[in-house]
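Hi everyone, thanks for coming. Let's take a short tour of one structure together, starting with the picture.

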Amino acid sequence: MSRVKDVFVAGGQPTVTYNPREQYDLEGEVEEYLETGYKLLSISGPTKSGKTVLVRRFIAREEGYWVYGGQVDSIDTFWEIIVEQGGAFTNKQESETDGKSSQTTSKSTGGVKPGGIGVSGTYENTKSESSASSEIRGRSVSPSVAAVQMLEKEMKPVVIDDFHYIERDLQGEIIRTLKNLIFDGLPVIILSVPHRAFDAVRVETEMTGRLMQLPIPEWSNSELEDIAVQGFDALNVKADKSLTDRLVKESFKSPHLMQDFCNAICRKNDIYEEQEERKILEKPSSWDSFFGDRASTTSKAAFDRLAKGPRQRSDRIQRPLENGESCDIYEAILIALAETGPKTKLSYEEIRSKLQKVLTDNIPQAHEITRVLDKMSEIAQDELQGEPVVDWDKDLSELYISDPYFAYYLRWGTDIG
């Protein structure tokens, strides 16, 4: 019997409500890449649009090496993650013998215990042989060398999720080291947001012509509606189209949010598993309360941190809002973002225009606005866990609300402005 938590899965690997989006042949593109190789595959799409779910259909944890950008703060960390997953060792011992009986002890560090999973440490193995050791030599192997040797031997795919989390110079080091392995046929897949899709080429120009792009299209309303239809049918419940339309409207094109909403609407109707008799789902008595309750648990910490700015300052200029209250420039910009809908991609001009609308006086100058947007992006990248909720592109003068849950919080989680 199907259970709601297994049907509507937000943040996991859905089965019942998985949508292959066949019109785009996304699965076919990934399958073809894995068959042909010899290039880097860059899969790009909005946050929580199904990139990881797609790749997991082909490469489970045990079938490849999964590295998450948020975990990588140095080149050594990157290689250590791969070494750890693969059980390679960074310390080796060699011996030469003269034919007499001997006992040899070897030690290995920096990997996993043979037969164990995910445990690093030092392990000792002693064995007797019909030979004597005339010379025993120990040598250390760097994590990168150990990882490369292992990858050359196994040719198991490497997936770097949230590649855009990784600092630009560090991205370059990683790609340069993987480049030769890619040329030899190692499948390497990087997942990133659309405006960072070409980071691999930017940091390593020699990858030009050896990069395969697979953009994940924005989810359409009908595709999001299919999640509800398939899931409700599996639970033997039915919803009026106006109900599903409202859920779709508030989902910010995110299948994750749609899964969340469908799960919540079932629980609101006291449905936790498949029904023996067909049941009609009722709308919430208050949509505002329904969406507001969902928002109370999404992105509040990120909002509060961005509103605070780089440090709390009592002398920060207070600017008058049209509602009679006042706030500093960090809060004012968040209010301006919310006023756009919020849109998930905004130009500087759009932000400036909304600031002029929400503030009655003391409108920030251009350099003040861009300085704050840059600082917000830095805080989101360095101080907040998970996906950076905002990303300011200085070159394009565009702000991306990268996380749909943060956009949702701006709309429903606060009454600012």
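Residues are numbered from 1 along each chain as its sequence is written. This is a predicted model, where local features need pLDDT of at least 70, side-chain atom pairs count only at pLDDT 80 or more, and totals for chains, interfaces and linings use all residues, while side-chain values use heavy atoms, with hydrogens and water left out.

So, strand E1, residues 40–44. Strands are DSSP runs of E with at least two residues, helices are runs of H or I with at least four, and both are numbered from the N terminus. Is E1 buried or exposed? Because 5 of its 5 residues are buried, E1 is largely enclosed by the rest of the structure; buried means under 20% relative accessible area with a 1.4 Å probe, protein chains only. In a regular strand, side chains alternate between the two faces of the sheet. Here Leu40, Ser42 and Ser44 are buried on one side, and Leu41 and Ile43 on the other.

Who are the neighbours? E1 pairs in the parallel sense with E8 (188–192) over 5 bridges, and Ser44 stands opposite Ser192 there. E1 also pairs in the parallel sense with E9 (211–215), again over 5 bridges, with Leu214 as the bridge partner of Ile43. Pairing needs at least two DSSP bridges between two strands.

Now the lining of the largest pocket. Helix H15 (366–382) is one of the elements that supply at least two residues to this lining, and H15 gives the most, with 5 residues.

Conventions:
Buried means under 20% relative accessible area, exposed over 50%, partly exposed in between (1.4 Å probe, protein chains only).
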